[in-house]
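Good morning, and thank you for the time. Please look at the sequence and the structure first.

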Amino acid sequence: MTAATKDRGAHAAARDGRRRAGRGGALGSAGLYAATGVAALLFLVPFYLLVRNALSTDAQITGENWEFFPTRLQWGNIGELFDDPTVPFARSLWNSAVVGVLHTVGTLLVCSLAGYGLARIPYRHADKIFYAVLVTLMVPAAVTFVPSFVLVSSLGWVDSLRGLIIPGLFSGFTCFLFRQYFLGFPKELEEAARMDGLGHWGAYWRIVVPNSLNFFAAIATITFISGWNAFLWPLVIGQDPDAWTVQVALSSYMTNQTVNFHLIFMATAISILPLVFVFLFLQRWLVQGIAQTGIKG
């Protein structure tokens with residue numbers, strides 16, 4: 001067998017290998033896209049049910065004859081929701097928005113300052129304070145619930161925004177995340193700021209914060225969602241209907257006597273819209289910020 005024949009055979013074998021690899025890669029990509037599509041459809045099923053039931057009557061929701069989508073959409077459910085005199089839903093949305101925004105801003109300020117101090121300010125007891133913060137993560141929330149309520153009640157903050165916001169401003173876990181992030185922040189930038197005459201506060205506010213917006217956005221998103229979805233503490237503190245948050249208002253549609261299914265679904269659909277907008281607006285920064293925390297799934 002000549003060398004030319006051997007070369008032709010080698011090239012033919014290589015072409016066959018590339019064809020098989022191409023077919024295998026195409027099949028793998030098709031399978032991946034199919035699995036992703038199925039997962040996306042399964043993820044969207046709850047949202048379909050939410051919108052479908054929000055625009056239906058109770059009979060259409062609980063009836064035996066299931067319709068993929070009602071032929072006559074009940075847009076009047078929106079007016080019925082906001083006109084219900086027993087549940088001030090519009091007021092509860094406003095309360096949740098105020099609580100969520102102020103809780104987020106306050107938590108970012110308090111926890112970032114605490115984390116920056118633990119990471120950058122030299123102090124011989126800094127490690128002890130940090131360990132004390134970690135210990136708070138091991139204490140169940142139920143243990144501190146009653147003492148917190150007694151303290152808030154003694155201050156006269158029941159049925160007030162102060163009682164809903166101030167007790168939850170400090171989070172040990174958020175403080176821990178900020179400390180770990182600031183430990184990896186380039187010290188050279190802060191040293192340059194100190195050479196320009198800035199102190200710890202100036203370096204934090206003018207150098208660290210502007211260069212950490214991705215991380216702050218990620219923490220802000222998580223904090224806002226947590227504050228918006230809070231239920232037990234607002235239920236106890238907001239005893240007056242005018243102090244209800246949206247989660248407490250949602251629970252009022254389900255009682256021992258009746259369950260207003262169409263109002264529950266409509267209220268839920270409306271209440272998740274702010275979270276969707278916040279997530280879509282901060283999605284890019286959220287992904288980058290979580291990547292910077294070092295958290296892995």
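Let me begin with L263, which counts as buried because its relative accessibility is 3%; buried means under 20% relative accessible area, exposed over 50%, and partly exposed in between, with a 1.4 Å probe and protein chains only. This is a predicted model, in which local features need pLDDT of at least 70 and side-chain atom pairs count only at pLDDT 80 or more, while totals for chains, interfaces and linings use all residues. Residues are numbered from 1 along each chain as its sequence is written, and side-chain values use heavy atoms, with hydrogens and water left out.

L263 belongs to helix α14. Helices here are DSSP runs of H or I with at least four residues, strands are runs of E with at least two, and both are numbered from the N terminus. Which residues does L263 contact, leaving aside its neighbours within four places in sequence? They are N77, E80, L81, D84 and Y253, where contact means heavy atoms within 4.5 Å. F82 is 181 residues from L263 in sequence, yet the two C-alpha atoms are 9.8 Å apart in space.

Turning to the whole chain, there are 14 helices and zero strands. Of its 297 residues, 33% count as buried. Among contacts with a separation of 6 or more, 72% join residues 24 or more positions apart.

Next, helix α8. Its twelve residues should span 16 Å at 1.5 Å a residue, and the end C-alpha atoms are 17 Å apart, which agrees; the expected span is 1.5 Å times one less than the number of residues. The buried residues of α8 are G172, T174, C175, L177, F178, R179, Y181 and F182.

Finally, the largest pocket. On a 1 Å grid over the protein atoms alone, a pocket is an open set of points with protein on both sides within 12 Å along at least five of seven lines, and lining residues have an atom within 4 Å of a point. The space in the largest pocket is about 1200 Å³, a volume being the space filled by probe spheres set on the points. Its lining has 36 residues, and H103, P167, G168, F170 and S171 lie nearest the centre. Which helix gives the largest share of the lining? That is α11, with seven residues. Helices α4, α6, α8, α12 and α14 are among those that each supply at least two.

Terms used. On a 1 Å grid over the protein atoms alone, a cavity is a set of points where a 1.4 Å probe fits but cannot get out, and a pocket is an open set with protein on both sides within 12 Å along at least five of seven lines; lining residues have an atom within 4 Å of a point.
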